[in-house]
Amino acid sequence: MKKRILLTGSSGFIGKLIYDSLDKSKFDIIKLSRSGESGIKIDISNQAPQEMEVDYVIHLAGKAHFIPRSEEEKKEFYKVNYIGTGNLLSALKVAKLKSIIFFSTVAVYGKDEGILITEDHDLLGKSPYALSKIQAEKLIIDYGKKNKIKTIVLRLPLIIGENPKGNLGSMINAIKNNYYFRIGQGEARKSIIAASDICRLIPELIELDGIYNLTDT
């Protein structure tokens, strides 16, 4: 019998790739997002989905790639990433639920630079984005402990792949338009991970438990 996976944020950059990569002969995948392409169309920052029974959850839905310019825009991170996560958890039946994979960010560490930062590093992120992810992480971890469900928190750096979002997408478009500049001597280095590697690891990750910094070499 197929295992059921709930995939939130299924219409996004990573969500689409994960959906395409999952073995449909092993998993029955329920898509959830604000887009009409999904099986469940809902904005979880405003309301909880109907109660559902699944074996695994891959929780991608969230707000990122955005610099807030007002208090109201700052609150959007809290509403989408924290309140939305709480609404999602309230809809899950725990009887069959085995694990939840939550996509977080290295921004929770609040460091502009560093080498070999471990998962035990203090969470010093102060941006609205980082704070909302810290709160959402705690919500999911506490939920897992209370209900004896595995929780996997992935703290990810810059994600690369075809047609990426955010600053990377803007930089690629600039280069395509023959606009490029270098800061200093061009010696800066940044941790990255390929979207394809995340997809490849998902079947292994759903059986784990804990917090992981996930990056390419």
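Guide: A crossover is right-handed if, with the strands pointing away from the viewer, the path from the first strand over the helix to the second runs clockwise. This is a predicted model, in which local features need pLDDT of at least 70, side-chain atom pairs count only at pLDDT 80 or more, and totals for chains, interfaces and linings use all residues. Residues are numbered from 1 along each chain as its sequence is written, and side-chain values use heavy atoms, with hydrogens and water left out.

Visitor: Which elements make a right-handed β-α-β unit with β4?

Guide: Helix α2 (residues 71–90) and β5 complete that unit; helices (H or I, at least four residues) and strands (E, at least two) are DSSP runs, numbered from the N terminus.

Visitor: What makes β4 and β5 a pair?

Guide: Two strands pair if DSSP finds at least two bridges between them. Since 4 bridges join β4 to β5, the two strands meet that criterion, and they run parallel. Tyr56 stands opposite Ser99 in β5.

Visitor: How is β5 joined to strand β6 (residues 150–156)?

Guide: They pair in the parallel sense over 7 bridges, and Ser99 stands opposite Lys150 in β6.

Visitor: Why is Ser45 called buried?

Guide: Buried means under 20% relative accessible area, exposed over 50%, partly exposed in between (1.4 Å probe, protein chains only). Ser45 has a relative accessible area of 8%, and is therefore buried.

Visitor: What is in contact with Ser45, leaving aside its neighbours within four places in sequence?

Guide: Lys79, Val80, Ile83, Gly84 and Asn87 are in contact with Ser45, where contact means heavy atoms within 4.5 Å.
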